[in-house]
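Here is a friendly briefing to read alongside the model. Have the sequence and the 3D view open as you go through the topics below.

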Number of protein chains: 2
Amino acid sequence: VYRAYTAGRLLSGAITINSRHRATKAGPGELLKLIRASGPVTRADLAARTGLGRASVAQRVDALLGDDLIREAGGAPPTRGRPPLRLVFNAGSGLTLAADVGAIQARLALTDLAGQPRAERRVELSVADGPEPVLAAIRAGFERLLAETGAPRERVRAIGIGVPGPVEHATGQPVSPPIMPGWDGYSIPERLRTSFEIPVLVDNDVNIMALGEHATGWRQRENLLFVKVGTGIGCGIIVNGQIHRGAEGAAGDIGHVRVAGYEEAVCECGNLGCLEAVAGGRALARAAREQGLAAGNGRDVVALAREQQPAAVRLVRDAGRRLGQVLAGFVNGLNPSVIVVGGDVAEAGEQLFAGLREVIYQRSTTLATRGLMIVPSALGARAGVVGAALMASEHVLDPAVVNARVGTPVGT
Amino acid sequence: VYRAYTAGRLLSGAITINSRHRATKAGPGELLKLIRASGPVTRADLAARTGLGRASVAQRVDALLGDDLIREAGGAPPTRGRPPLRLVFNAGSGLTLAADVGAIQARLALTDLAGQPRAERRVELSVADGPEPVLAAIRAGFERLLAETGAPRERVRAIGIGVPGPVEHATGQPVSPPIMPGWDGYSIPERLRTSFEIPVLVDNDVNIMALGEHATGWRQRENLLFVKVGTGIGCGIIVNGQIHRGAEGAAGDIGHVRVAGYEEAVCECGNLGCLEAVAGGRALARAAREQGLAAGNGRDVVALAREQQPAAVRLVRDAGRRLGQVLAGFVNGLNPSVIVVGGDVAEAGEQLFAGLREVIYQRSTTLATRGLMIVPSALGARAGVVGAALMASEHVLDPAVVNARVGTPVGT
């Protein structure tokens, strides 16, 4: 029995049965996933790895070639006779449109199916104006991206959108978003589909930023926190390589967690001592003004700190410590292996990270911090739009979606 | 394309490709999973649901029947001719041995493969004596369970063990466990396999309690926190239906998260204001003694609170509020749909829950709490041993392990 157990570990069963209790053979979508993950492979490799017969592999590969999702990429090193053709993923076969919608602007991109941008642009808007004018501006921006690049409209396969508030991911509807009046329960996909008849995926802005950062350098780390520190403070949580959205899509809303020692600070939410009220951009600017500094918002304080203005440096470092207090709790609770910090206030760099690291290492358990990395965002302001594009392309390349698209009957 | 998207959603692809990039056909293990999930099914049902041919289904079913993992359970309602036999999971075909090891005792059980106990017993021990005497006591206890019930030793398929400290789940070794001197890096599976040559699964006690509670009434809820409040305070986190262990197996260690407003309380870990130092059993007892109550430990305070002793009631309610402060952060961060609270201090019942709910509903966002349930443990002191048995039987019934055991070649 012990031998069987070891064998079981090594075999590592590959078929899962979903909630409808249906187990099927590998289709074109599963083969595409394998090709994307493993790089150039021959048809014989695919047969060996899937257990499918040569005819079944050929039929699935033809379907993928027919849809242009893969292409043949020259031979393997020749052994004898003509080398077999290798198959590779063709990321250029489709495009996505992506938008990261912020309070006062949106970043838009046209990307290929690997998330590589063909073109990007910014659109000024006010999210508080409500969904109709904002989505009209985004549609117009998308049209301009297509016109500028000459990309054929029919090659756009999906749209990914991030918005600054909680979203019910399955329906693409914001749920009581505090800074988005008029958007509660509004179907963003339905509105955009009047112009683009393709799937529209919507998520919270911090979740898509986490996706973008995770895909850019941290794919091997299965447990990652992305923390955005701006006017608001939020967190995208990646657990077992997947965005954790929680029961109501509200996970990651850490801006209103109470910080020990600052019970007097009044938050806009009505509670006392919330993280946003003691470490967010607005709180930083207020504290700076009280000390006689000219600071209209958090970015001004960050700029002063980068110039080594002593009071600003102190304020940013304190903000890092307060953020560290809250994150220390999540380090103990979730034991992530990476924390990526982004947002306007994170532009302060080492001044913020010094305070943050100090408190996390002091307040978290040794076991939880021994392998922990705390790093600045690699993508900066582009994290959201990169993540939105990846959310869209991951949908397009989902095996079930590929199987439905290329239309192979189940069980052949 | 929109039609394809919808179809993709409905189809919900069933084959995943694991980290070795291997996709295989459904084997006996996958069929067993299907039978367990869906209840009695005919061979024809299995063929329809898996896309396998009749011969392949027959071969896999024979393998499962041969291993006694399923049995034939009479006919379906007859339509014409002899009704086809239905296949059901045979939970009695195998047994597990389970132990929930605490500081001063262990609970042991012999269960079937559905986790139903055949017999249970308690063993007095001191976990601080180190692994050799403790595991000897557990082995002796297991032998007595087998002898008492007359269960054949060879039908025991796996052992599940929970211990009061962090564990590297893949190897079954405790990692720097604070209250388990001598156990750091000790291979529990290796030691137990000298007596029982079967797989041994080991996890943290709070994780197995979370497993037990989740399986007992909350299987439909994918995001659950189990909080144990005793001398120590810890948390088992279930995300997407799975235990979240974190990068180092340290997830859920919430006892040393700092509680706002109690910075003066010195914790045994050396930090100030830790949750354990202001809401754990020891802290409760100390506070009770300071008020002139006779309380040797947290359980004494709980007993007094249950008798409505006013000072004890106040202390327990305050402990609930402090626990609520820390959990409010995790409610905002993780957005669970259920919080189950167990452990000695939770025996105080409504006195603790009143304070806990008050603070969670006040300090968490509306969205995160609108569907949240906060409930006492259903299993009480048995949660750990039930969870340990389930951990063992889930391993035995894992499709890859079943396939390796019943020995069907891949791809037939």
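Cys274(A) is buried, with a relative accessible area of 0%; buried here means under 20% relative accessible area, exposed over 50% and partly exposed in between (1.4 Å probe, protein chains only). This is a predicted model, in which local features need pLDDT of at least 70 and side-chain atom pairs count only at pLDDT 80 or more, while totals for chains, interfaces and linings use all residues. Residues are numbered from 1 along each chain as its sequence is written, chains are lettered from A and ligands numbered from 1 in the order in which they are written, and side-chain values use heavy atoms, leaving out hydrogens and water.

**Cysteines**

- Over all chains, the structure holds zero disulfides, a disulfide being a pair of cysteine sulfur atoms within 2.5 Å.
- Cys274(A) is in no disulfide, and its nearest cysteine sulfur, that of Cys269(A), is 3.6 Å away.

**Nonpolar core**

- The largest nonpolar core has 106 residues; such a core is a set of buried Ala, Val, Leu, Ile, Met, Phe, Trp, Tyr and Cys residues joined through side-chain atoms within 4.5 Å.
- Val227(A), Ile254(A), Ile339(A), Val227(B), Ile254(B) and Ile339(B) touch the most other members of this core.
- Not counting residues up to four places away in sequence, Ile339(B) touches several residues, including Leu225(B), Val227(B), Ile360(B) and Met373(B); contact means heavy atoms within 4.5 Å.

**Aromatic rings**

- A search of the whole structure finds five aromatic pairs over all chains. Rings of Phe, Tyr and Trp (its six-membered ring) pair if their centres lie within 6.5 Å, with planes under 30 degrees apart counted as stacked, over 60 as edge-to-face and the rest as tilted.
- Phe330(A) and Phe330(B) form a tilted pair, 5.2 Å centre to centre with 55° between the planes.
- This pair crosses between chains, joining helix α11 (residues 310–334) of chain A to helix α11 (residues 310–334) of chain B. Helices (H or I, at least four residues) and strands (E, at least two) are DSSP runs, numbered from the N terminus.
- Both Phe330(A) and Phe330(B) are buried.
- Trp183(B) and Tyr186(B) form an edge-to-face pair, 6.3 Å centre to centre with 70° between the planes, and both of these residues are buried.
- Arg36(A) lies over the face of Phe89(A), at 5.4 Å from the ring centre. A charge sits over a ring if NZ of Lys or CZ of Arg is within 6 Å of the ring centre and within 35 degrees of the ring normal.

**Strands and sheets**

- Strand β9 (residues 200–204) of chain A is largely enclosed by the rest of the structure, because five of its five residues are buried.
- Five bridges join β9(A) to strand β6 (residues 156–163) of chain A, and the two run parallel; strands pair if DSSP finds at least two bridges between them.
- Val202(A) in β9(A) is the bridge partner of Ile161(A).
- In chain B, five strands form an open sheet of mixed pairing, in the order β12-β11-β10-β13-β14.
- Its edge strands are β12 (242–243) and β14 (373–376) of chain B, each pairing on one side only.

**Helix α9 of chain B**

- In helix α9 (residues 281–290) of chain B, the buried residues are Gly281(B), Ala283(B), Leu284(B), Ala285(B) and Ala288(B).
- Just after α9(B), Gly292(B) takes a positive phi of about 85°.
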